[in-house]
Amino acid sequence: MKHIIKIFSFLTLIGMINGQVVDKFKQLDQQIATPNLYRTAAGYPGHGYWQNRADYVIDVELDDEKQRIDGFETITYTNNSPDELNYIWVQLDQNVRAKDSDTYKITTGSMRDKMSFSSMKPGLIVGDEDASPILNEFDGGFKIEKVIAKGGGKLKYTINKTMMRIDLPSPLKPGEKTAFSIGWWYNIQDRMFMGGRPGYEYFKEDDNYLYTICQWFPRLAMYNDVYGWQNKQFLGRGEFTLNFGNYEVNITVPADHVVAATGELQNEKAVLTKEQQKRFKRAKSSNKPVMIITQDEATENEKSRMKRSKTWRFKAENVRDFAFTSSRKFIWDAMGVKVGKRTVMAMSYYPKEANPLYERFSTRAVVQTLKTYSKYTFDYPYPVAISVEAANGMEYPMICFNYGRPEKDGTYSDRTKYGMISVIIHEVGHNYFPMIVNSDERQWTWMDEGLNTYLQFLTEQEWDRNYPSRRGPPKNIVPYMKGNKNSIMPIMTNSESIYQFGNNAYGKPATALNILRETVVGRELFDFAFKEYAQSWMFKHPTPSDFFRILENASAVDLDWFWRGWFYGTDPVDISIDRVKWYTLDTKDPDIEFPLKREAKASQPRQSWQIQNDQDIPRTTVEMDKGANDFYNKYDPFEVTILDKQDYKRYVKKLDLNNAEKEIYESGLNYYEIQFSNVGGLVMPILIEFTYEDGGKSNMRIPAEIWRMNRDTVTKVFATKKNVVQFTVDPHLETADIDVVNNHWPRKMVPSKFELFKRKQRARGQGAGGNKMQRALQAETEATKKKD
């Protein structure tokens, strides 16, 4: 029986879920990969670490009449692995837009009384032949024309949806290279109708297109020590897993188009005017953006319709991908920014529809991103960083596509302004994660989106102290954390299986890292460990295990409980103050204790019957008849007598206190026994604030290990010199606690507001959340009318 009681007590201490023992401080050894010669137990690349390489030479032509891409590439693939490869896999991501794409087939939907045209896109028409997308006769996907070996012979290949296997004539041995070429073409999609990353936007007013060309060429799949070939099909959400390599890309477009791309332009004299070359040279040393192509020049160029073509030649070294944009509409500005020993050209390309926002903020936001990210990771190693306004949000090496356009009158809401700056910071920031610290996006979205969103938050705060950051502050993730548990999944979930993608892969990991930095580890230790991770895995391929290990090893903080709770679990933070007991030491000194007892008795509330008797019984017998009084009617139990003092002296002598005990005895401290409960389930440090009678405050930060022996309830005693009138857990909203009401003792009402309204759509730009700039102009106009 004794043994049973012991076992029961142990299970109570560490908790049980669904009948299974749960130790929230158990080490992650069983969840993360075993260290080996490729990846060390400290989280660093091992002495046997390797990665393969793919170099590209590509010729591509954009047909502005047919909205079509034609390309021919030669790929040189280097096998640095210890394995022989009999075949290689190539990614065909454009096939996600093929008519028979699995993406269309697995997209769910339902019918409503009113349906928009765009909402019908995921549906399928099923007939005698294969099903095809509703309202989508677009013939998407790669059209592979040839796959040939270096000598010109045909190579056998097999296409499986978004992947193509090329069978090699002979095994590619460790240390060997192979070269082959692929010819292909595809139709460019209307991105504004079909969605997605690549495509075009058509501007009806001036009959022009703006192209964002990405996922546009067959790309080598990753072969590594973790998964072998990463050939998980592309369904549209899980992004890309790619090899590093050098690129030489020749882009042929109409002669009046302006092109921006990954890498450095090699033939500026052939494609730029002398004036543009002069302005670009001046921009390198400028401390503010210099216009390379002005709005007036771009507006004039929109009218051009040249039939001849022009080829822009770019080179990029040690990048994992390549993207470009092309249009007649581009305004272009640039400025040089010093990052370490390198001058990086921060540049922006945008149509006139994006002004004045982009001319004022875009390149400046690029510069801020490079400065802040480099401070917390490594110096930006590439020569350019480009922001393109394309009503989009997607990243590639050295170039990204963003959104943020004002109203036609040039005004914009604060939401549009900050949304635009945030997306530029975020997408430019992706140069660091995953373009350089090259994690597996197809498998783990959070490893680039979460880390990048965390650094985005730091950058936003360096841009503007009052920046309304959407993700990063712990309080902002509370609505997600307190939501329906059936719609919340662990961060450690494959990219294609995540519910609430933005909250799970962006918001929650960014918040977790911010909490580590501010609350659990501390800024100095965390910043060092995070930079150590970034610098150790530059131009390499880390996994979650590497990230978890290196942050612990570089900080000397055991974080397994944190990874388990925040990344492998779905519990929220909710720490409650359940009970407070106040104790003071009974000194037995009548001069101290008797006045306190008198005060305590006087402060007791009168009972209702006593209050009523005061009215119903004007005078009692004792009050009217002195003969009914004796000693006890006059006796004051709280009056100090000589006998009381003698009793106290005998008591103290009997205690025989040493100096330390005497100090405690005479301290006059207040002792508060506080019971905390972990209502939410996610163990976290207890941050408690004491508010005293005199208005002063003090704080104590208790490590999460306080929960190690009991995950549900802990009791702790605090001693204070002054009387405490209020206890508050997490007073500065550091932990994403989902219920702040139970954070207070005594309980404190936390106000919420509601608004009465009629279900009528507000006029655009009106109301508290609308375009305040436009509203101010309208008010100014009305005021002027009244004066007139």
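This is a predicted model: local features need pLDDT of at least 70, side-chain atom pairs count only at pLDDT 80 or more; totals for chains, interfaces and linings use all residues.
## Contact between H9 and H13

Helix H9, residues 446–463, and helix H13, residues 544–553, have axes that come within 11 Å and cross at roughly 40°. Because angles under 35 degrees count as roughly parallel and 65 to 115 as roughly perpendicular, H9 and H13 are oblique to each other. On the H9 side the contact is made by Trp 446, Met 447 and Leu 451, while H13 contributes Pro 544, Phe 547 and Phe 548. By class, this contact has 6 nonpolar residues, with no polar and no charged ones.

## The second largest pocket

The second largest pocket has a volume of about 600 Å³, and of the 26 residues that line it, Leu 585, Thr 587, Ile 592, Glu 593 and Leu 596 are the closest to its centre. By class, the lining has 13 nonpolar, 7 polar and 6 charged residues.

The elements that give two or more residues to this lining are strands E28 (575–584) and E29 (670–678), together with helices H15 (590–602), H19 (642–655) and H20 (659–665). Among the contributors, H15 gives the most, with 5 residues.

## An open sheet of 4 strands

The strands of an open sheet follow the order E31-E30-E33-E34, with antiparallel pairing. Strand E31 (697–702) and strand E34 (744–745) each have a single partner strand and stand at the edges, so one side of each is left without a neighbour in the sheet.

Strand E33, residues 724–729, is joined to E34 by 2 bridges, and the two run antiparallel. Phe 727 stands opposite Trp 745 in E34.

Conventions: Residues are numbered from 1 along each chain as its sequence is written. Side-chain values use heavy atoms; hydrogens and water are left out. Axes are lines fitted to C-alpha atoms, for helices over the stretch in contact, and angles run from 0 to 180 degrees between N-to-C directions. Angles under 35 degrees count as roughly parallel, over 145 as roughly antiparallel, 65 to 115 as roughly perpendicular and the rest as oblique. Contact means heavy atoms within 4.5 Å. Ala, Val, Leu, Ile, Met, Phe, Trp, Tyr, Cys and Pro count as nonpolar, Asp, Glu, Lys and Arg as charged, and the others, Gly among them, as polar. On a 1 Å grid over the protein atoms alone, a cavity is a set of points where a 1.4 Å probe fits but cannot get out, and a pocket is an open set with protein on both sides within 12 Å along at least five of seven lines; lining residues have an atom within 4 Å of a point. Grid points are joined across faces, edges and corners, and a volume is the space filled by probe spheres set on the points. Two strands pair if DSSP finds at least two bridges between them.
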